[in-house]
Amino acid sequence: MSSAPVSAQPKPRLGREAVVRAVEALLRWLKHHPSPAPEPIYLLVTLKSAPVRRFEHHLRLPHSPFPSIFLVADRLPDDLPDDIEVLPSSALRSLPAVVRRGLVLVDRRLKIPSGGKGAKGRGRIMPVDLADPAWATSAREAACCVELRVEAGTCRAVRVGHAAMTQADAVENVVAAVEAAAACVPRKWKNVRALHLKAPESVALPLYSAPGSDDAKDAKREVAATAEQGRLKRRKR
């Protein structure tokens, strides 16, 4: 009696080896270009065609892409974790660069300024209810969730790590972000033109390029990637 044929597992579009090489090279570059706070690492997602409507999706990562967590509050909670640094409410007027690289939790009773010095590039700010006993746990879970948003154009950046991460954790984050992003964009992998990995001041390291891309399409892709790199540099400032 012959056994039923075993169907082969589909080959992943992006090999893990490519991710390991890119992460290793980028972390090596960041080590030789130190900064006061760990630089963020971004996954650049370039689509073949922009969605007709605004696209927004949350991607869950295995590890937080933020190097630190800060809490802005005037009244300290009794159960403050040791790994969360407290800042006064006055810090919201102009957050230091070191703070902007991390996740900033703000007591929801405080008003977050909408303008003024330091309003741009404040990083990720998240209101928290300090009366909730599980506020710290909820904040850590939210820290592992990043947003992929496409409003216009075809290239967007997703934060997937930072310079102080271990190579293994960074690789896991990149793989998870790629799989989640490709699964949620319209037409999925068929609409993914290219994937790159970069820091704000580094070159974009290639991870994936869609098969059959001709030179003209590749040139347009590079123009879009360059524009996104400029946005990342402005965001850093």
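This is a predicted model: local features need pLDDT of at least 70, side-chain atom pairs count only at pLDDT 80 or more; totals for chains, interfaces and linings use all residues.

Me: Is Arg13 buried, exposed or partly exposed?

Reply: Buried means under 20% relative accessible area, exposed means over 50%, and partly exposed lies in between (1.4 Å probe, protein chains only). Arg13 has 48% relative accessibility, so it counts as partly exposed.

Me: Which residues gather with Arg13 in a patch of positive charge?

Reply: A patch is made of residues with over 30% relative accessible area and no salt bridge; like charges are joined within 9 Å, and nonpolar side chains (Val, Leu, Ile, Met, Phe, Trp, Tyr) within 5 Å. Lys and Arg count as positive and Asp and Glu as negative, while His and the chain ends are not counted. The place of a charge is taken as NZ of Lys, CZ of Arg, CG of Asp or CD of Glu. Areas come from the Shrake-Rupley method with a 1.4 Å probe, and for residues only the protein chains shown count as cover. Here the surface patch consists of Arg13, Lys48, Arg187 and Lys190. Arg187 lies in the loop between helix 4 and strand 9 and has a positive phi of about 65°, although it is not a glycine. Lys188 is placed in the loop between helix 4 and strand 9, and its phi is positive too, at about 50°.

Me: How many salt bridges does the structure hold?

Reply: Side chains of opposite charge can pair when their charged atoms come close. A salt bridge is a side-chain nitrogen of Lys or Arg within 4 Å of a carboxyl oxygen of Asp or Glu. The structure holds seven of them. In one, Arg140 pairs with Asp83, their closest N and O atoms being 2.6 Å apart. Arg140 belongs to helix 3 (residues 135-143) and Asp83 to the loop between strand 3 (69-72) and strand 4 (84-87), so this pair ties together parts that are 57 residues apart in sequence.

Me: Which side chain meets Asp107 in a salt bridge, and at what N to O distance?

Reply: Asp107 meets Arg109 at 2.7 Å. Asp107 is buried, because its relative accessible area is 3%, whereas Arg109 counts as exposed at 53% relative accessibility.

Me: Which residues touch the most other members of the largest nonpolar core?

Reply: A nonpolar core is a set of buried Ala, Val, Leu, Ile, Met, Phe, Trp, Tyr and Cys residues joined through side-chain atoms within 4.5 Å. The largest such core has 40 residues, and Leu14, Leu195, Leu197 and Leu207 touch the most other members. Among the elements that give two or more residues to this core are helix 1, strand 1 (40-47), strand 2 (55-60) and helix 4 (167-184). Helix 4 gives the most, with nine residues.

Terms used. Residues are numbered from 1 along each chain as its sequence is written. Side-chain values use heavy atoms; hydrogens and water are left out. Helices (H or I, at least four residues) and strands (E, at least two) are DSSP runs, numbered from the N terminus.
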